[in-house]
Amino acid sequence: NSNDHVEFAIKLPGKDDNGKEVYLPIDAKFPQENYVRLQTAYDEGDVAGIELANRALVQSIKKFAKDIRDKYIDPPNTTDFGIMFLPIEGLFSEVVRQPEVVALLQREYKIIVTGPTTLAAMLNSLQMGFKTLAIQKRSSEVWQILGAVKTEFGKFGGVLEKAQKKINEANKELDSLVGTRTRIMLSKLKKVEELPTEESVELLGESTIEIEEDENYPPRVIRVLLPP
């Protein structure tokens, strides 16, 4: 309900209680005249001029903060605070080196001052804060999901335990079959007298095994001829 257009409106993660988007107003300000006067006074070493220019700079910053509050902060359509972006690092440094000014801007006008090196960090912090708030609002739902996952893991562990038990039983049966039965068969075979080679060939036929020799590799069996 205003004809004033903010320079940036950041759509925040999460919505208000009515499901509407919430925006964060950001407006860039540059009190060029007062900042140039302050820099000139620094260059000339004019102490009185520095004090005078600094007071004028602070007054202009306060006026900008009031404009942002009155024009662009409109809860619940926006956050209850706004951001003043100072596009020159030196200008930002001049303002934030005066903690009482920063505190007044936040207390009286709900304005946070940022510069080129701090704007991105501020937005990231706000994003994480709103995401954390959304998680807190849905904490009961998150807890239910974690409970369901825990239940499924319990079932999964039970199935694995049963499967492992069956595998162990199968291994025991194989050990019994292969080990015990093999030993019984070998003990029986010991009682059989070994036949001479001629009689074995006569009964079973002759088998041929051809071996290929290679000095770089161990001998390899390449053909086995079995009797018909």
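**Helix 1 against helix 2**

Mentor: Helix 1 and helix 2 run roughly antiparallel to each other, because their axes cross at roughly 160° and angles over 145 degrees count as roughly antiparallel. The model is a predicted one. The two axes come within 8 Å, and helix 1 passes helix 2 in a left-handed crossing. On the side of helix 1, the contact is made by Asn34, Tyr35, Arg37, Leu38, Ala41 and Tyr42. Helix 2 meets them with Gly49, Ile50, Ala53, Asn54, Ala56, Leu57 and Ser60. Sorted by class, this contact has eight nonpolar, four polar and one charged residues.

Now the surroundings. The largest nonpolar core of the model has 24 residues, and Ile61, Met84, Leu86, Leu105 and Ile111 have the most contacts inside it. Helix 1 (32–44) and helix 2 (47–72) each supply at least two residues of this core, as do helix 3 (89–96), helix 4 (99–109) and strand 4 (111–114). The largest share, nine residues, comes from helix 2.

Terms used: Residues are numbered from 1 along each chain as its sequence is written. This is a predicted model: local features need pLDDT of at least 70, side-chain atom pairs count only at pLDDT 80 or more; totals for chains, interfaces and linings use all residues. Side-chain values use heavy atoms; hydrogens and water are left out. A nonpolar core is a set of buried Ala, Val, Leu, Ile, Met, Phe, Trp, Tyr and Cys residues joined through side-chain atoms within 4.5 Å. Buried means under 20% relative accessible area, exposed over 50%, partly exposed in between (1.4 Å probe, protein chains only). Helices (H or I, at least four residues) and strands (E, at least two) are DSSP runs, numbered from the N terminus. Axes are lines fitted to C-alpha atoms, for helices over the stretch in contact, and angles run from 0 to 180 degrees between N-to-C directions. Angles under 35 degrees count as roughly parallel, over 145 as roughly antiparallel, 65 to 115 as roughly perpendicular and the rest as oblique. A crossing is left-handed if the near helix is turned anticlockwise from the far one by less than a right angle, and right-handed if clockwise. Contact means heavy atoms within 4.5 Å. Ala, Val, Leu, Ile, Met, Phe, Trp, Tyr, Cys and Pro count as nonpolar, Asp, Glu, Lys and Arg as charged, and the others, Gly among them, as polar.
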